[in-house]
Amino acid sequence: MNAQSNLLQATDLRVNYGAFEVIKGVSLSVKEGESLAIIGPNGAGKTTLFKALTGEVSSRSGKVMFAGKDVTSMPAHARTVEGMGRTFQVSRVFLELTALENVVVALESRRRNRKEPTGAWWRAAPSPSLIAEAIAFLDQLGIANLRNETAATLSHGDKKRLELTLALALEPKILMLDEPTAGMAPADRMKIVDVIRSIRKERGVSLVMTEHDMDVIFSLSDSVMVMNYGEVIASGSVEEVRNNPTVREVYLGKDMDHAAG
Amino acid sequence: MTNQIIFVLFNGLASGMAFFLVAAGLTWVFGILKILNLAHGAFFMIGAYLAYTIGGASPASIWSFIGVALISALVIGLMGLVTDKLVLGRLRNVDYHYVLIATFGLMLFCEGVAKAIWGSDYFSVMPPPEVDTAVKIGASYISLYTILVIAIGLVTFVVLELVMNRLWAGKIMRAVANDPWMAGTIGINVPLVLMLSVVASFALAGFAGGILVPNQTLSVHVGSAFILYAFLAVVIGGLGSIRGTFIACILLGLVESANATFLPQYGGIAVYVVLAIFLVSRPQGLFPPQGVS
Amino acid sequence: MTAASWVPPGAQTSFTGQYVMTAIGAVLVVLLFFAPELVNPGLLFIIGMTLIQSVFALSWNLLFGSTGLASFGHAGFYAIGAYFTGAALRYGFQLPFVMTLLIGGALGALAAYIIGVVALKRLTGIFLAVLTVALTEAMGKIIGFTPALGEQDGLGNIPRPIINLGFAMIDLTNSNDFYRFLLVACLLVTAGLWWVVHSRLGRTFRAIREDADRARFIGIDVARYRVISFMISGGTAALAGALSAPWTRIVTLDQVNWLASTQPMLNSLLGGFTNFWGPVVGSVVFTSINYWTRSYPGLSEMLVGGVLVVIILVAPTGVLGILGKIRARLKKGDRG
């Protein structure tokens, strides 16, 4: 696959909730290593689009291609195996498991799906190399010290970090982040941005995210797509979208003026 | 052949109405509180025992018969109030698995109490004298008690439907069922409504116990048989829908009756075939719940 | 960063704690082994039934405590194993006894597979509950029509087996001998279930229980693993039933109704469904309560029902949960 072809491509996606059409023919494409931000007012359909791309809901019509394969009818777990990593708006982790167990489960799943060795089959406990890899992942996001804490007792920010660890442990080709910095204090926000940026640099992971914070978008995205009422109203580089009059009108322009250029 | 059909029709309708009297309370509680009350059958059973204790094995007249059933309803409703205060009320926001376990424990507890008070013997109660005869329809003899049960079942259904759809009390309950948070915001006393729903549901179970006690062998297990059919009906009819439960109960009653009359050597199996068909083709039930997602 | 940093769920974290628990366990096993010499035959029968009920409860809790699925018709699987083994022994099928047991278990797993593939994909929660009850009731009705299985009277006169190993014969016709076989078999099945719960498979189940959608987004095929859990659960329940047939020497419809299905649920919830050993503790507690209150009708139901309600209100994780909380509180006291 050459660098010019698209890693993720959606064509004319339509999603219904009952009789109500929520996504009205959305197309997008993300190249390898690229980063796309999807913005729009609340209710524009951003999360629904995410769900359709990752397989959480099925689309009524349209096509989703990922890494050269047609994944439109693939269920969520199969798309994950293909290389989609996803985080949720309200971070979802396995609450009654410890942080370490969370990552171990993700790693075991990855190794099983890729037919990598998972240690002697008769062992109950995970293999030492797997535990080491899990701790390394936790360390990368700065939460290795919390590894034996039950996930339910973690702070909001740490849960977000844990969820990001889970997504990364799968070694995905693309990260689908639904509002990765929602609810975080400004200092934390920039830390997460740094982590994501370094991950992109080290592993060349592509990125699709929804966000409201313009600073985060400017730091992380190559291109932006603006949605409203289930349709794409503008897309292009950050500068192009920023100066688009329709977008300013719809978005009231407030956020864009405030953010540093 | 027509005799048999007439028999199946009346018998089936009566069975269906009997199931409905038990299932109505169950589906109501599920619709409003979103919990499946496993103890419902046990309260029905205690209602039946209570009616037997108060009214005796031979009720004096049809009015004393119905009166005793209403007294049962009152007492069981009060028991429901106590249960709600002590147990169910504390489990409003808890994972539904835990509530299931709690109602299961309640069911066991009630069975134990009934065994302790009334022993493990079987009792039987006669229908009231006015209806203890048969009437001839076609060439078939139908017991008047059967017709009474059908009548009471229909009246109960009509009353419930009227309350839910016409009276303001019903509108409030449906508001709470659909969106408790919103209902609270507009000033409805949600905890009170929930408590009253529990009480009403139990009262209905008690009433059902009183009405259905004749023509039964009264034992500690009488609740289990009815509650099983009630569950099947609630699932087929659609959780929380009184209309759906009513139709499902009639369907199950007719099927069961037909099964017993035409295929007695394979009695009791047809209802499960019906359930299987529904679960495979329309698992959400006849009238699916319209809640807020 | 060593293997010692892996803490299996629910395990003792101190070395002395592990040592003590293993020692207590070993003593218990030895006592159980010599039970025929220590207690009268009536009590031995009850102990044997408690062993079987423990395995039955463990099989149910694999589904509920570990995978988050509530089966309300588990007696169906138990009955499959019981009736198959009972018939095999009574009608003299030419099968080695251990093979009979394994086939009984396999039939249970097969039934679970069929139900799982047809139903689990779209039915969870309440629908699964009603479906499992309905299937078990239907099965009971069908057995009721089958003369070969004893219809309403049950399948009786089941002989105890003689295991032919070729080079030796193990005669289990004597209660004491069969009891020892039963003990060994239950220990083996329990060990197997322990392994499943604590292995990679068990971790996958727990992830599904915690958050099925999240599990999908980790690449876990949730539907497939739910069916696998159902199969293991159904198979071991059938094994419990299979072991019970020669022990009680009669299999009746009482073991197929929905009340019988509530027994493993009860035992698991009583003992604590979040701990692997909870169902075993619950089975022992329940049998004890039943035994001590047997002359007072209704008292056992009141006690057990009342205890369940109190547990839910105070400590949803059962007896072991309460013990765990006490232990945690004592540990905090130590540190402070």
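The questions and answers below go through a predicted model, chain by chain and contact by contact.

Local features need pLDDT of at least 70, side-chain atom pairs count only at pLDDT 80 or more, and totals for chains, interfaces and linings use all residues. Residues are numbered from 1 along each chain as its sequence is written, and chains are lettered from A in the order in which they are written.

Me: Of the two pairs of chains in contact, which chains share the most contacts?
Reply: Two residues are in contact if their C-beta atoms, placed from the backbone, lie within 7 Å. Chain A and chain B do not touch, and their nearest C-alpha atoms are 11 Å apart. Of the two pairs that are in contact, the one with the most contacts is chains B and C.

Me: Which helix of chain C gives the most to the side that touches chain A?
Reply: The contact draws on 29 residues of chain A and 25 residues of chain C. On the chain C side, helix 7 (175–198), helix 8 (200–210) and helix 9 (212–216) each supply at least two residues. Helices (H or I, at least four residues) and strands (E, at least two) are DSSP runs, numbered from the N terminus. With six residues, the top contributor is helix 8 of chain C.

Me: How many residues on the side of chain C that touches chain A are charged?
Reply: Asp, Glu, Lys and Arg count as charged; Ala, Val, Leu, Ile, Met, Phe, Trp, Tyr, Cys and Pro as nonpolar; the others, Gly among them, as polar. This side has 11 nonpolar and six polar residues, and its charged residues number eight.

Me: Is C:Asp171 buried or exposed?
Reply: A residue is buried if 20 or more other C-beta atoms lie within 10 Å of its own, exposed if 12 or fewer, and partly exposed in between; C-beta atoms are placed from the backbone. C:Asp171 lies in strand 2 (residues 169–171) of chain C. Not counting residues up to four places away in sequence, C:Asp171 touches C:Ile162 and C:Asp177. With 11 other C-beta atoms within 10 Å, C:Asp171 is exposed.

Me: What percentage of the 336 residues of chain C count as buried?
Reply: The secondary structure of chain C comes to 14 helices and two strands. Of its contacts with a separation of 6 or more, 76% join residues 24 or more positions apart. The buried share of chain C is 49%.

Me: How many of the 14 residues of helix 5 of chain A are buried?
Reply: Helix 5 (residues 156–169) of chain A reaches 20 Å from its first C-alpha to its last. What covers its buried residues includes helix 3 (99–113), helix 4 (128–140) and strand 7 (174–178) of chain A. Among the buried residues are A:Leu162 and A:Leu166. Helix 5 of chain A is largely enclosed by the rest of the structure, because its buried residues number 12.

Technical notes:
The expected span of a helix is 1.5 Å times one less than its number of residues.
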